[in-house]
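Here are some notes to read beside the sequence and the model, written for someone who is new to such files. Please keep the structure open while you go through the points.

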Amino acid sequence: WGDDGHYAVCKIAQGYFEEETVVAVKKLLPAYADGELAAVCSWPDEIKRLPQWKWTAALHFADTPDDKCYYDYSRDCPNDWCVTGAIFNYTNQLMSASKDSQSIVHYNLTEALMFLSHYMGDVHQPLHEGFLGDLGGNKVKVNWYNQETNLHRVWDDMIIESALEKYYNSSLSVMIHALQDKLKYGWSNDVWSWGSCQLNQTACPNPYASESIDLACKYAYRNATAGTTLGDYYFLSRLPVVEKRIAQGRRDSLGSDSKPNLFCE
Ligand code: DCM
Ligand code: DCM
Ligand code: ZN
């Protein structure tokens with residue numbers, strides 16, 4: 001996702017934190033976040049091109065070999081170096097620190113929190129599990145209405161931007177409130193089934209990556225080959241997918257749902 005998408009994922013997730021998670025997250029947030037997790041959720045995108053952070057660039061996605069519409073951790077996440085591997089890693093860091101405050105290994109838990117909340121958003125963006133050959137749609141040049149762009153950017157930014165203009169008075173907080181209402185009243189019948197993490201599991205990003213590549217094949221890549229002009233039809237049929245994936249970004253990270261004690265000290 002772009003900045004708006006990540007902000008929305010984290011803002012919605014925050015609303016589901018247990019009380020002790022709120023306290024622990026506030027302790028870890030840098031001062032400039034002013035107590036808002038959402039304020040730092042795009043940080044991994046801001047730093048990924050700096051020389052000292054280049055190693056993080058591949059942790060934003062887990063692309064599959066071309067035309068494979070399913071995800072396989074051992075194939076798509078070599079050496080754990082991908083978005084799902086990163087989610088396992090940063091969840092482990094935060095959990096081990098919360099279990100053992102005397103731990104000799106000192107991770108930077110502020111960074112761990114900012115990476116984890118960003119990557120939980122990215123794993124839900126269908127084209128972050130797109131095809132390797134076109135770099136998750138980055139190489140698929142398309143027009144979004146009359147604007148030249150690529151398919152990855154359509155899913156990171158353009159669908160959200162167009163929705164903001166068309167339905168949400170150009171206000172991200174209006175859109176976030178609408179998604180929060182849909183979580184409560186609209187999707188309420190299936191929200192219970194979104195969290196699939198068992199109490200004895202550290203993190204469960206693999207099913208989310210599987211869903212993403214499935215959605216990439218069924219919605220993102222469909223009728224969107226290079227040179228296509230995407231307009232109302234594509235926008236109206238894909239926006240519900242984008243909205244649901246943003247709302248689902250809250251699942252099981254950071255103590256929501258089934259893991260209330262992640263940050264218990
Ligand atoms: N994995 C990990 N850390 C964990 C759990 C899993 O690095 N705490 C990685 C290694 C496994 C892969 O995820 O090969 C798939 O795990 P699973 O099938 O349990 O989801
Ligand atoms: N991306 C992806 N798969 C790739 C390469 C990049 O999903 N093989 C994602 C990461 C970024 C976006 O596309 O969110 C733009 O990539 P970059 O910032 O590297 O231009
Ligand atoms: Zn990212």
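Predicted model: local features only at pLDDT ≥ 70, side-chain atom pairs only at ≥ 80, totals over all residues.

1. A salt bridge is counted here when a side-chain nitrogen of Lys or Arg lies within 4 Å of a carboxyl oxygen of Asp or Glu. By that rule the structure holds nine salt bridges.

2. Residues are numbered from 1 along each chain as its sequence is written, chains are lettered from A and ligands numbered from 1 in the order in which they are written, and side-chain values use heavy atoms, with hydrogens and water left out.

3. One of the salt bridges joins the side chains of K182 and E243, with 2.7 Å from N to O. This pair links distant parts of the chain, since K182 belongs to helix α8 (residues 172-186) and E243 to helix α11 (residues 232-248), 61 residues apart. Helices are DSSP runs of H or I with at least four residues, strands are runs of E with at least two, and both are numbered from the N terminus. Is E243 buried or exposed? E243 is buried, with a relative accessible area of 3%, and K182 is partly exposed at 30%; buried means under 20% relative accessible area, exposed over 50%, and partly exposed in between, with a 1.4 Å probe and protein chains only.

4. Another salt bridge brings together the side chains of D76 and R75, again described from N to O, at 2.7 Å. Here D76 counts as buried because its relative accessibility is 6%, and R75 counts as partly exposed because its value is 26%.

5. Within helix α10 (residues 205-220), D214 and K218 lie four residues apart, which is about one turn of the helix. Their side chains meet in a salt bridge of 3.0 Å, N to O. D214 is partly exposed with a relative accessible area of 30%, and K218 is partly exposed at 42%. Elsewhere, E211, R245 and R251 are joined into one network by salt bridges that share partners.

6. A nitrogen atom of ligand 1 is 3.1 Å from an N or O atom in the side chain of T202, and an oxygen atom of the ligand lies 2.9 Å from a polar side-chain atom of N206. Taken alone, ligand 1 exposes 450 Å², and the protein buries 45% of that.

7. The residues around ligand 2 include K48, F61, L127 and H152. In the side chain of R49, an N or O atom is 2.5 Å from an oxygen atom of ligand 2, and in the side chain of D63 such an atom is 2.6 Å from a nitrogen atom of the ligand. N138 also takes part, with a side-chain N or O atom 2.8 Å from an oxygen atom of ligand 2. Taken alone, ligand 2 exposes 440 Å², of which the protein buries 75%; these areas come from the Shrake-Rupley method with a 1.4 Å probe.

Terms used. Polar contact = N/O pair within 3.5 Å; in protein donor to acceptor, adjacent residues only side chain to side chain. Near = heavy atom within 4 Å.
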